[in-house]
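This report describes part of a predicted model.

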Amino acid sequence: MKVIIFGASGTAGSGVLRACLSDPSVEEARAITRSPLSAASDKLRTFLHKDYLDYAAVSEAFADVDACFYCLGVSATQVSGEQEYRKITYDFALAAARMLKLQSPDAVFHFISGRSTALNSRFMWARVKAETERDLMSFTNAVCWRPAYIAGELSHSRPLQIRIVRTIFKLMKPSRSLYVDAEDIGRAMIRATTENIRGRIIENPEIRAMAEG
């Protein structure tokens with residue numbers, strides 16, 4: 001299969017990329033990124049791009065792929081408010097989904113959301129992610145993944161407080177509801193693509209089960 005990956009330099013996305021590069025069923029992994037990646041592989045094609053609302057300049061990256069693994073995201077603590085968070089979370093994802101549908105209409109869109117996402121949540125980030133899930137599933141029959149704590153290579157853009165408590169979170173590894181390795185998300189996405197899973201929300205315990213499959 002051929003896949004396109006967003007957020008390949010982040011904690012989740014870098015793990016998904018590693019899973020793709022090590023899986024023999026993935027023929028080619030294309031990464032849309034603002035800056036060069038440290039990963040190197042004959043299977044990896046990198047497309048440098050700045051405007052995540054308009055992908056016309058890199059439309060070829062979306063052509064003839066089987067899946068989009070959308071791992072791009074930001075913490076609500078890193079933005080100025082809901083408008084900026086909505087732009088990065090909702091607008092960027094829908095723009096990518098539209099280009100995917102135009103260039104590879106049969107491809108599946110995989111969106112990394114988050115645990116406790118809900119339209120009626122009192123938390124802004126949870127409501128925005130839920131709206132993104134809803135509209136992606138309506139538009140492309142997307143698969144929406146709701147991991148809890150993601151263990152992987154920590155992005156340098158992560159807030160300092162998250163970096164400090166990271167070792168504490170690692171104690172949650174035995175909990176199938178609260179912890180998942182970033183590469184396991186990638187393995188689960190690959191399996192879901194192979195099995196043609198569409199239009200579903202997948203919570204953390206099932207992510208781990210699919211990865212172990």
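Is the crossing of helices H1 and H6 left-handed or right-handed? The crossing of H1 and H6 is right-handed. Helix H1 covers residues 11-22 and helix H6 covers residues 182-194. Their axes lie 7 Å apart and the packing angle is about 55 degrees. Because of that angle, H1 is oblique to H6. On the H1 side, the contact is made by Thr11, Ala12, Gly15, Val16, Arg18, Ala19 and Cys20. On the H6 side, Ala182, Glu183, Ile185, Gly186, Arg187, Met189 and Ile190 take part.

Strand E1 spans residues 2-6 and is mostly covered, with five of its five residues buried. Burial applies to both faces of E1: Lys2, Ile4 and Phe6 lie on one side, and Val3 and Ile5 lie on the other.

| Strand paired with E1 | Residues | Sense | Bridges |
|---|---|---|---|
| E2 | residues 28-33 | parallel | five bridges |
| E4 | residues 67-70 | parallel | four bridges |

Individual bridge partners can be named for both pairings. Val3 has Ala29 of E2 as its bridge partner, while Phe6 is partnered by Tyr70 of E4.

Methods: Residues are numbered from 1 along each chain as its sequence is written. This is a predicted model: local features need pLDDT of at least 70, side-chain atom pairs count only at pLDDT 80 or more; totals for chains, interfaces and linings use all residues. Side-chain values use heavy atoms; hydrogens and water are left out. Buried means under 20% relative accessible area, exposed over 50%, partly exposed in between (1.4 Å probe, protein chains only). Helices (H or I, at least four residues) and strands (E, at least two) are DSSP runs, numbered from the N terminus. Two strands pair if DSSP finds at least two bridges between them. Axes are lines fitted to C-alpha atoms, for helices over the stretch in contact, and angles run from 0 to 180 degrees between N-to-C directions. Angles under 35 degrees count as roughly parallel, over 145 as roughly antiparallel, 65 to 115 as roughly perpendicular and the rest as oblique. A crossing is left-handed if the near helix is turned anticlockwise from the far one by less than a right angle, and right-handed if clockwise. Contact means heavy atoms within 4.5 Å.
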